[in-house]
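Reader: I would like to learn how to read side-chain features in a model. Can we go through them one by one?

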Amino acid sequence: MAGGAAILAVLVWRVGTGPLVDGLRLTTGWPLVAALAITSLTTLCCAWRWRLIAGGLGVELPLRTAVAAYYRSQFLNATLPGGVVGDVHRAVRHGREVGDLGRSLRAVAWERSSGFAVQLVLTVGVLCLPAGSFVPRAAVTVAVVAGVALIAVLVLLNGRRLSSRIGRAFTSDLRYAVLAPRVWPRILLASTVAVLGHVAVFLIAVRATGADVSPARLLPLALVVLTASAVPTNIAGWGPREGAAAWAFSAVGLGAALGVTVAVVYGMLALVATLPGAVVLVVARQRAHEAQPDRVRSAVDA
């Protein structure tokens, strides 16, 4: 969290508060409606991915329950420091509901990891194109080598059984919940659609600022900024995203101020799009209150 605060302080020092205020002022009208619609699709895809992996681990998770829980976790991630509190809450709550906290924690961990892995592969692939030349080739090469090495290790582990308890759980999860022949293509599809949805919201944020930049030029910028957003040093999503946007937009000659404004608009669109999660929280709290015995409810209200 300190890292996110430091990044925001540096940005205010370098570009002033104007881009931040402009971002808040420009978040209105059709971009909000579009973000809500697109996020409903991305949330469905992510919930489906979670259900697939949970099923591979032997944990029951109806899709409707998964969608509601995913909306709730996104809202918590977007309003609490760190950006992962909602995922932890999602895993713990589901674990209590099914009576298996360990498998539920592993299901959420694999779900987030597999989605981020697909996003990294897409990002590196786009950065290898001419439009991604603003990122140093050395950094892209290191990412490619690291990614290939990681895939090789995972494939190797998938064919072996480790002796330790943690190792056996890891290889079993990998084999039956992530890389199973009937599962991984669906995880890949759901993750790809989710990433493209987030990119679409980013392009809408750029359009809301009035900037006239082609989608082909913006695609690598969007993927770099979205990848930076996953760094868990943010303050309710803010910090690394704005810093990465300022750097990326400046690197391609669009200016750091525009990058900050776009990041703020995107952050506001993403926050509003998670508001159905707040409704899920309120409804769940109300149902829990109604389910309490009268004597307990009277004591709590008193």
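This is a predicted model: local features need pLDDT of at least 70, side-chain atom pairs count only at pLDDT 80 or more; totals for chains, interfaces and linings use all residues.

Reader: Start with charges. How many salt bridges does the structure hold?

Author: The structure holds nine salt bridges. Take Arg90 and Asp87, whose side chains meet at 2.6 Å, N to O. Both lie in helix α5, three residues apart, about one turn of the helix.

Reader: Are Arg90 and Asp87 buried or exposed?

Author: Arg90 is buried, and Asp87 is too. For Asp87 the relative accessibility is 6%, and buried means under 20%.

Reader: Which salt bridge joins Asp87 to Arg112, and at what distance?

Author: Their side chains meet at 2.2 Å, N to O. Asp87 is in helix α5 and Arg112 is in helix α6, so this pair ties together parts 25 residues apart in sequence. Arg112 counts as partly exposed, at 34% relative accessibility.

Reader: Which residues are linked in the network of salt bridges?

Author: The network links Arg49, Asp87, Arg90, Glu111 and Arg112.

Reader: Where do Glu97 and Arg93 lie?

Author: In helix α5, four residues apart; that separates them by about one helical turn. Glu97 is exposed at 51% relative accessibility. Arg93 is partly exposed at 30%.

Reader: Now rings. How many aromatic pairs are there?

Author: The count comes to four aromatic pairs. In one of them, the rings of Phe202 and Phe249 have centres 6.4 Å apart and planes at 50 degrees, so the pair is tilted. Phe202 sits in helix α9 (residues 184–208) and Phe249 in helix α11 (residues 240–251), 47 residues apart.

Reader: What does Phe202 form with Tyr266?

Author: A tilted aromatic pair, 5.9 Å centre to centre, with 55 degrees between the planes. It links distant parts of the chain: Phe202 in helix α9 and Tyr266 in helix α12, 64 residues apart. Phe202, Phe249 and Tyr266 form one aromatic cluster. Phe202 is buried, with a relative accessible area of 0%. Tyr266 is buried at 8%, and Phe249 is buried as well.

Reader: Which residues form the nonpolar patch on the surface?

Author: Leu41, Leu44 and Leu63, with about 230 Å² of accessible area together. Leu63 belongs to helix α4 (residues 63–79). Leu63 counts as partly exposed, at 32% relative accessibility.

Reader: Last, contacts. What does Val183 touch?

Author: Leaving aside neighbours within four places in sequence, Val183 is in contact with Leu52, Ala177 and Val178. Val183 is in the loop between α8 and α9. It is buried, with a relative accessible area of 12%. Val183 and Gly55 are 128 residues apart in sequence and 9.7 Å apart in space, C-alpha to C-alpha.

Reader: Which residues does Thr123 touch?

Author: Leu223, Val224 and Thr227, not counting residues up to four places away in sequence. Thr123 lies in helix α6. At 6% relative accessibility, Thr123 counts as buried.

How values were computed. Residues are numbered from 1 along each chain as its sequence is written. Side-chain values use heavy atoms; hydrogens and water are left out. Patches are made of residues with over 30% relative accessible area and no salt bridge: like charges are joined within 9 Å, nonpolar side chains (Val, Leu, Ile, Met, Phe, Trp, Tyr) within 5 Å. Accessible areas come from the Shrake-Rupley method with a 1.4 Å probe; for residues, only the protein chains shown count as cover. A salt bridge is a side-chain nitrogen of Lys or Arg within 4 Å of a carboxyl oxygen of Asp or Glu. Helices (H or I, at least four residues) and strands (E, at least two) are DSSP runs, numbered from the N terminus. Buried means under 20% relative accessible area, exposed over 50%, partly exposed in between (1.4 Å probe, protein chains only). Rings of Phe, Tyr and Trp (its six-membered ring) pair if their centres lie within 6.5 Å; planes under 30 degrees apart count as stacked, over 60 as edge-to-face and the rest as tilted. Contact means heavy atoms within 4.5 Å.
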